Every structure is written in C-alpha cells, then in structure tokens.
Amino acid sequence: MTTPDPYTTHETLPDTLPDDPMPTLAAWIDEAVAKKVQPNPTAMTVATVDPDGRPSARVVLCRAVVQDPGILRFYTNKLSRKGQALKAHPYASLVFHWDAMDRQIRVEGPVTDATDEESDAYFNGRHPLSRAGAWASQQSQPIASRDDLLAQVMQTVGELGLNFDQLQDGGEAVIPRPPHWGGYRVWAQRVELWAGSPVRIHDRALWTRDLEPDGEDGFRASPWISTRLQP
Ligand SMILES: Cc1cc2nc3c(=O)[nH]c(=O)nc-3n(C[C@H](O)[C@H](O)[C@H](O)COP(=O)(O)O)c2cc1C
C-alpha cells in the first residue's frame, strides 16, 4: 500500500525567480487571509535563542509586513521568555505554514524594537480588556491558579480605574501602553518560499542578502540573491 499524496497544489514558483521575495511573501500572507484558510492565517512560529544558547519557539501573530526594507512585525510582552531571548540574542527564525495552500515561508534575520509610534498604534487598536490584560499578565511567569490569574486581571482593571463589565459590554477607555509591551521588527535576511507539489517533488527557493548595521536600530541591505533548492 502506498502512502496517500496530500499535496494537491500544482502551483510552483516561477522558473525565473523574482529579484525580491518580499512581494511574493506578502501576497501569500494576503491570500491566506483573503481565503480564510485557517482561523489565524497570520500565525507564525517564532524561534529564538534563550540566554543559555538553547532554542525556544512559540506562535505569535504577524501584524505587519513592510516590503521595503523587508521587515515583519509582531507584538508581545518584552519581559517574556521570548523577550529575554531576544535581549540576549537579537535574531529570530519565523515559519508560516498554510496546510490548505501547501505553502510554507521561512524568514530569518536580526531583530530590533518597533518604534514607539508603531507599538502605540497597534496597542491602541486592541480591545480595552486586551490592553488592560497587557498590564495584568506577567507573561511567561508562573501563577498558582487560573483563579489567581483572573483575580490579578480584576485587580489591575480596578487599579487602572476601569469597570470590567462596562468594557466587556463595548465601553471604551484610555489605557496607556505598558513600557514593557511593544513590537519587534524582524529584518528579513534569509527568506525561503516552499510550495508543496504532487509526489513530494516540492518547489523551494531561497533568497539571501547582507544587512549592514546602519544607525542605532536599522540596517542597510544589499540586493537579494536567489537560489532554487532541492526539496
Ligand atoms: C494563534 C496564536 C497566536 C498568538 N499570538 C501571540 C502574539 O501575537 N503575541 C504574544 O505575545 N503571544 C501570542 N501567542 C501566545 C504565544 O504563543 C506564547 O504562549 C506567549 O507569547 C509566551 O511565549 P514565551 O513564554 O516564549 O515568551 C499566540 C498563541 C497562539 C496559539
């Protein structure tokens, strides 16, 4: 008995690879969102290196792709485990996977903080209780029980002078962004696009470029170099 072939998509990458992978990367994410291929189509695994040199990975939502200069942004608590990892080793490896589209994207590169304006803009667009939650949860720290966590959220809501029920019913509130909460920019230095193909003769292409530090929080990029890879 042969193993069934789950790869039904016949859409391969173009024979002549584009000079820049970012437009295709953005188009694949947009397509996953438009087709609602899964509940969180912008979910990506973020792998980092812990201060002790060991890898750790978790899923976050990609909240922005900036094609030029080639940045992906996500938001989190910077005191979390991933925040500690990025402080020690400011590099990340990202993986998107859309099973329903037979597609995977891998991105690797250095990480810098998002600007305060980017973090404020995203934070202020969140539900007020999510904004309060950013104050309430010491992400990645232990807590004795779920009840204790909920009590901590209620206490924080009270300390911020807010009414939980009103906020749950759609009430608005001004809640400042906690200083430890914000965005990270992952600068794409290595991008791989993977298209699943019948009988596992998958299509893979890799783009790499140099990133020279430029100023305090940026990089100057060399042109991309593309290579097709064996599956
Ligand atoms: C679909 C999905 C989306 C998530 N999005 C985020 C996110 O955008 N930011 C975040 O901090 N955690 C997000 N999480 C939770 C993380 O996976 C993780 O539990 C949390 O960030 C703590 O990770 P750490 O202890 O490695 O820092 C998400 C989890 C799932 C399953």
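How many bridges join strand E8 to strand E9, and which way do the two run? I looked this up first. Six bridges link E8 (residues 190–195) and E9 (residues 203–208), and the strands run antiparallel. Strands here are DSSP runs of E with at least two residues, helices are runs of H or I with at least four, and both are numbered from the N terminus. Two strands count as paired if DSSP finds at least two bridges between them.

Before going on, I noted what I'm looking at. This is a predicted model, where local features need pLDDT of at least 70, side-chain atom pairs count only at pLDDT 80 or more, and totals for chains, interfaces and linings use all residues. Residues are numbered from 1 along each chain as its sequence is written.

Back to the strands. I found Trp194 bridged to Arg204 in E9. E9 also pairs with strand E12 (residues 225–229), again antiparallel, over five bridges. There, Thr208 has Ile225 of E12 as its bridge partner.

Next I checked the ligand. I got 16 residues around it, with Thr76, Ser80, Arg81, Lys82 and Ser140 coming nearest; "near" means a C-beta atom, placed from the backbone, within 6 Å. Strand E2 (55–61), strand E4 (71–77) and helix H2 (81–88) each supply at least two residues of this shell. E2 gives the most, with five.

Last, I looked at confidence, given as pLDDT (the predictor's confidence in each residue, from 0 to 100). The protein chain averages 95, and 98% of the residues score at least 70. Helix H6 (residues 164–168) is lowest at a mean of 90, while strand E1 (residues 43–49) is highest at 99.
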